[in-house]
Amino acid sequence: MEGGSRPGGCRIITKFFITNLPEGCTPWELKCGVASFGEVSGTFVAKKRDKDGRRFGFASFKDVKDISELEKALKGIKLGGCKLIVNVDRFFFDNGAGGVPANNSVQRPQQDCNDSGRQFNTRDCRSYRDVVGKGKMEGSSKEVGGSYSDRSAGGWKSVVVPDRMAAFRNLWGVAMVAKSVDLETLVDLNRLLRIAKVNYTNIQYLGGLSTLITFADESVAKNFIEAGDVWGPWFLKLDAWEGQSLPFERVAWIRLLGVPLHLLESDVVKMIGERIGKVLYVPKSSAEEKDLSMARVGVLVGEVDRIKEFVVVR
């Protein structure tokens with residue numbers, strides 16, 4: 001398959017379906033992982049999982065010269081220690097994108113019209129906003145899922161980092177990356193390690209539920225990672241720090257506005273929070289709260305953007 005550009009100001013967009021993404025992978029991290037293979041027009045990471053329970057998303061490239069070769073090249077890359085599974089988004093092509101009638105024997109790339117300087121899914125070189133009308137877009141709520149990586153018409157600013165860069169190289173062999181099972185364990189980690197008489201020297205917060213634990217020497221670190229019966233109840237995952245790429249995660253404290261008073265129960269608050277991310281904290285009761293105009297929930301998310309969602313409670 002070959003690609004290219006078309007006359008009339010429109011550029012061909014080739015979209016790839018990518019699965020087996022690492023936990024907490026963001027659109028920005030996916031874009032950084034594939035940016036060296038071509039001009040990336042956008043990336044998307046879904047919050048739901050595929051049928052095999054793996055994280056998945058999409059990456060779109062502009063004016064791909066050889067789609068088959070790009071597909072082969074992408075299949076060999078790793079992101080956050082996970083080998084990516086990559087395929088051309090055939091459903092997207094066979095749907096007749098770009099205003100061309102669908103034909104199961106021909107794969108057709110999506111088009112991106114750059115007359116307005118913005119990037120949207122298009123049909124006949126018109127943006128989705130142009131097709132449905134601006135007024136119809138303003139009242140809609142954002143779908144709970146991933147987000148396109150292009151933050152502005154100007155795209156992303158990038159920095160080329162020399163290969164020799166290796167932060168925290170001195171901690172290789174003596175530090176562990178630990179992901180706690182819950183928020184309570186994370187907060188109480190210092191005390192738990194002291195009770196277990198673990199000879200550690202430092203604990204540093206990495207975001208989300210993860211910490212970097214440094215030990216006195218390599219032998220102590222090795223003994224600790226082998227003592228699964230000790231740390232098993234505390235951590236979902238424990239890996240030696242070797243300079244690996246870690247997925248971005250953060251704990252977001254969300255204010256829920258507009259929950260009817262007769263539905264202000266912990267179970268309802270948790271259900272709403274689950275539409276945003278993995279729920280880490282829900283108040284046990286609102287009976288003693290002084291302010292009942294809002295509820296609060298803590299969730300684990302893999303996005304940098306400020307969260308502003310609409311959830312319909314039915």
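**Around the second largest pocket**

Modeller: Four elements each supply at least two residues of the lining of the second largest pocket: helix H1 (27-34), strand S10 (175-180), strand S11 (200-207) and strand S13 (235-240). Helices (H or I, at least four residues) and strands (E, at least two) are DSSP runs, numbered from the N terminus. Keep in mind that this is a predicted model, where local features need pLDDT of at least 70 and side-chain atom pairs count only at pLDDT 80 or more, while totals for chains, interfaces and linings use all residues. Residues are numbered from 1 along each chain as its sequence is written, and side-chain values use heavy atoms, with hydrogens and water left out.

Back to the lining: H1 gives the most, with four residues. In total, 31 residues line this pocket, and Gly80, Gln244, Ser245, Leu246 and Pro247 lie nearest its centre. A pocket here is an open set of points on a 1 Å grid over the protein atoms alone, where a 1.4 Å probe fits, with protein on both sides within 12 Å along at least five of seven lines; lining residues have an atom within 4 Å of a point. The space inside comes to about 1,100 Å³, counted as what probe spheres set on the points fill, with points joined across faces, edges and corners. Sort the lining by class and you get 15 nonpolar, ten polar and six charged residues (Ala, Val, Leu, Ile, Met, Phe, Trp, Tyr, Cys and Pro are nonpolar, Asp, Glu, Lys and Arg charged, the others, Gly among them, polar).

Now for the rings. There are nine aromatic pairs, meaning rings of Phe, Tyr and Trp (its six-membered ring) with centres within 6.5 Å; planes under 30 degrees apart are stacked, over 60 edge-to-face, the rest tilted. Phe44 and Phe58 make a tilted pair, 6.5 Å centre to centre with 40° between the planes. Phe44 sits in strand S2 (residues 40-49) and Phe58 in strand S3 (residues 55-62), so the pair ties together parts 14 residues apart in sequence. Phe58 is buried at 18% relative accessible area, whereas Phe44, at 25%, is partly exposed (buried is under 20%, exposed over 50%, partly exposed in between, with a 1.4 Å probe and protein chains only).
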